[in-house]
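Colleague: I'm new to reading models like this one. Can you walk me through it?

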Amino acid sequence: MPAAYDRATRTIDAYIASTTADAQARSGAQPFYAFHGPGEKVYGTALVFHGGFGKPADAVKTTTYLHANRWNVYAPPLAGHAFEGTRWPSTRLRGEYGGDLARQLLLADPLLGSIAEGINNGTLMAPVHVPDGFDYDEAMTRALTVLREGMEPAAYDTLLDAFELLVTANAYPSKQASLHKYFETDHMRYATVAAARVMDVVSLPGPVVVVGYSMGGVQALYASAWSDGLVSRAVLYAPFVDAAAPAESPRLRHLLQAVGALDLYDVPVPNDTTIPSVMLPAASLVGHTLLDEDLHAAVRRQTDVFCVFAEDDNMADVTLGLRVCRDGVASAGSRSYVYPAQLELGHFAAPSPMNPYSTPLLQETWRFLTTGEIRAEQMLNQSGDATMPSVDEMPAMARSHLARGA
């Protein structure tokens with residue numbers, strides 16, 4: 001048993017060192033872990049994946065609670081997210097297919113340039129919105145006119161073919177292999193990294209379980225699907241299948257993908273990093289792969305899933321998320337819960353200071369990971385279930401262990 005722990009800690013310590021020593025290391029975004037002693041009884045190991053624009057430290061409340069209640073915990077960053085935004089998975093139209101010229105033409109247009117800068121794609125936990133007076137059809141017509149007048153006919157037609165494929169590949173994930181002709185994309189790095197992180201802890205005793213918020217929910221599902229039966233249970237908070245779009249502009253997500261793939265703007269994260277817009281189509285592409293039936297079958301064979309949503313989520317598409325959780329990956333042991341819209345939780349269907357129901361959510365997360373059950377009637381009990389481990393009385397020892405790797 002000590003050898004198993006030693007193997008896991010050496011593996012993760014080497015991974016932590018590889019992120020902290022890099023010149024582009026993102027401050028405070030390194031992995032951390034907290035393991036019980038080799039002789040202590042544990043339920044298993046929980047991997048906890050943070051949200052798409054967060055850091056592992058955002059999950060400290062979840063990891064602390066699970067560790068205090070006999071789970072080993074490991075909180076790695078999402079793919080590339082230990083580093084500056086330029087290292088995150090991205091999808092960019094290749095220059096030889098008109099990407100560079102199209103970018104120059106659109107940014108040079110006064111109206112379209114201002115739209116590119118003004119679009120907020122929800123990266124800072126804000127709803128998708130566009131500049132006042134924005135009209136989707138008018139903007140698309142103007143963009144096509146600018147591109148048609150500024151490009152050779154053959155190049156213009158190729159550009160349209162590329163973006164039609166991008167939209168189609170989102171709707172039909174099986175077509176994504178064709179994207180590489182037109183786009184430089186490594187969106188599936190989210191999946192490969194998730195599976196690799198499971199292997200970091202495979203030597204530890206007990207089952208492996210995963211927890212993920214938003215884009216972390218995407219990695220959590222891939223950690224299950226691509227790990228050969230090693231992951232027994234998963235909890236997904238507001239999994240990101242695609243960006244939510246206002247009801248009055250349902251096609252806005254297509255514009256966001258195009259704007260992103262042309263690298264038209266950067267999104268600054270205050271006191272952190274700058275995220276190039278090319279990560280947006282990458283996030284949507286990998287999110288849409290959660291609709292793939294082969295992935296559903298792989299998860300159903302080995303993992304029970306508990307999904308949590310807020311009905312009024314203004315960042316992630318809840319309809320698509322429910323389609324994945326209730327119609328796709330759901331096994332006999334899977335569960336789901338939707339916070340009603342009147343609670344106004346938005347995208348914060350996860351343990352956080354923004355969710356006043358974090359206490360019962362933590363308890364039901366622990367209950368599901370440990371027993372496979374949830375009690376939906378407790379989810380809105382802000383004081384928590386008195387029969388469950390307390391959230392407010394976590395041992396100080398658990399908190400001190402969480403400094404390992406921080």
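Predicted model: local features only at pLDDT ≥ 70, side-chain atom pairs only at ≥ 80, totals over all residues.

Colleague: Which cysteine does the disulfide join to cysteine 307?

Modeller: By that rule, the count comes to one disulfide. Its S to S distance is 2.0 Å, and the partner of cysteine 307 is cysteine 325.

Colleague: Are cysteine 307 and cysteine 325 buried or exposed?

Modeller: Buried means under 20% relative accessible area, exposed over 50%, and partly exposed in between (1.4 Å probe, protein chains only). On that scale, cysteine 307 and cysteine 325 are both buried.

Colleague: Why is the disulfide called left-handed?

Modeller: Look at the torsion about the S-S bond of cysteine 307 and cysteine 325. The disulfide is left-handed because that torsion is about -75 degrees.

Colleague: How many residues apart in sequence are the parts that the pair ties together?

Modeller: Helices (H or I, at least four residues) and strands (E, at least two) are DSSP runs, numbered from the N terminus. Cysteine 307 lies in strand β10 (residues 304-310) and cysteine 325 in helix α12 (residues 318-328), so the separation is 18 residues.

Colleague: What is the relative accessible area of methionine 140?

Modeller: Methionine 140 sits in helix α5 (residues 136-150). This residue is partly exposed, at 27%.

Key
Residues numbered from 1 in each chain as written. Heavy atoms only, no water. Disulfide = S-S within 2.5 Å.
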